[in-house]
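Here are some notes on the model, set down as numbered points for a colleague who will want to check each one against the coordinates.

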Amino acid sequence: MISSDDLTLGRRPAGRTLMTADWLLAYHGEGHCLVPRGELVMENGNVIFAGRCFDGEVARKLDFGSALISPGLVDLDALSDIDTYVLVTDNQPGWAKGRIWPRSYVERGPYEMYSPEELAFQKRFSFGLSLLNGVTTAAPIASLYYREWGETVAEFDAAADAAGDLGLRVFLSPAYRSGGMVLEAPGQILPMFDEERGLAGLTDAIAFIERQHGRHGGLINGMFAPDRVETCTLDVLRRTMAAARDLDCRVRLHMAQGKLELDTMRRLHGVSGPQWMADHGLLSERLIAPHATYALPADLQHYADNGVSIAHSPLVSARMGSTLNSFAACRKLGINIGMATDTSPPDLLMNLLVGLIACRISEKASDAVLSKDLYDAATLGGAKALGRSDLGRLAPGAKADIAVFRLDDPYMTPTVDPITTLVLGGSGRVTQAVFVDGRLSMLDGKLAGFDIRAARERAQRQFEGLIAKYPDRSWQHPPVSEIFSPSYPILT
């Protein structure tokens, strides 16, 4: 049992620290390997040894017992919002439930449905949840449905400070768009554009990255986040990719993720989103593309040919009736796949299980994908998508971004292989400790300077306040009771 006597939350231990547990997932040669009773040594935020029988001097030894010492997980689409998508899971159609701005709301004037304080809080809250679930690197994502237009620099300055305070590695900048979807009549959804706002948002994002990249000891990293392919104009995307080259950072663009997008792109440009990007030479290894569930065969080939990475969110996709077609098929094409959650809780282990199930159903084969393939995606695949060979692995020279998962949880089966145990029966709740850049960011559900249980109460109040505003931006503005129906009748 590791206690606060051994380590201090929010601090990097001085000197060399040796960790051991029943299992270590180390990186040797070309991939991960399991080391029974392996030893991991970190110093000054880096891994200096991962294997058996370290023979050097250390300042302290930590034995996590029945656990797996793993590379920290990488979440390429980490929700930094109060999750509202659960509201439409059983309340359809989405266009009637506040998921698309009706024309009346646009004419009246969209407004910010969160206060600056609420925006800053939800970033800190979501970052804390990521750490609780073993995520050490996160690329935040939030809905723009509740915004006046795009995200603001002020909230992302607050987000950068939250990541630095809590000890989470992030890739981020304010999201922007040059268009949006408008509900003109039941089921009739058309795009509207304001390119100047998109260009202004890009300018803000460039300035943010130039100012914030590298802060908090390298925990803050720039990444461009144009909203969706159907809500961006060609000039905005061209300038985005050019800025990414100039600043040497990644771009995340949601693409090939739904029927509405595909129909809109065909109406606007005559082709799918990935094809449109390919036609204009905008696909490259800098691009991360969630979710690819509506990617056509030609789209996937473009991804493979140009080094585009997929951010795979199997849970959020499957609960709305779609899957990647398929994880195994994309890997065979040579496409890099990283994992993402895009929902709350940000439980990547749960997503690994759903991803495994979805692939095997899609391929109708029990050996189409293995647990290790999904685990590779959550570590090595995410790191590759971000262009960081020092993340997602435990090897000399890598960052000491570490997640420790308990293997003796009574709800899990006894362990023969820790990876299959975690993927098939684990969840983020078995995360015992998280180190980021060698700093202890989470231990036994506790975070540095942030009470997550008290924050959960505030999140509930903020969620209820947002729901109360749903009639403003729902078709014909019905009361909340008509927008969201309870699963069963409520007795009074």
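1. A residue is called buried when its relative accessible area is under 20%, exposed when that value is over 50%, and partly exposed in between. The model to which these classes are applied here is a predicted one. Ser 371 has a relative accessible area of 7% and therefore counts as buried, the cut-off being under 20%.

2. As for its setting, Ser 371 belongs to helix α14, which covers residues 371–385. Leaving aside residues up to four places away in sequence, Ser 371 touches Leu 356, Ile 419, Thr 420, Val 423 and Leu 424.

3. Turning to charged pairs, the structure contains 24 salt bridges. One of them joins the side chains of Asp 63 and Arg 37, with an N to O distance of 3.0 Å. Because Asp 63 lies in strand β6 (residues 60–63) while Arg 37 sits in the loop between β3 (31–36) and β4 (39–43), this pair ties together parts that are 26 residues apart in sequence. Both partners fall into the intermediate class: Asp 63 is partly exposed at a relative accessible area of 37%, and Arg 37 is partly exposed at 38%.

4. A salt bridge is also found between the side chains of Glu 148 and Arg 197, where the N to O distance is 4.0 Å. This pair links distant parts of the chain, 49 residues apart, with Glu 148 in the loop between β10 (135–141) and α4 (153–166) and Arg 197 in helix α5 (residues 195–212). Glu 148 is partly exposed, its relative accessible area being 37%, and Arg 197 is likewise partly exposed, at 34%.

Definitions and conventions:
Residues are numbered from 1 along each chain as its sequence is written. This is a predicted model: local features need pLDDT of at least 70, side-chain atom pairs count only at pLDDT 80 or more; totals for chains, interfaces and linings use all residues. Side-chain values use heavy atoms; hydrogens and water are left out. Helices (H or I, at least four residues) and strands (E, at least two) are DSSP runs, numbered from the N terminus. Buried means under 20% relative accessible area, exposed over 50%, partly exposed in between (1.4 Å probe, protein chains only). Contact means heavy atoms within 4.5 Å.
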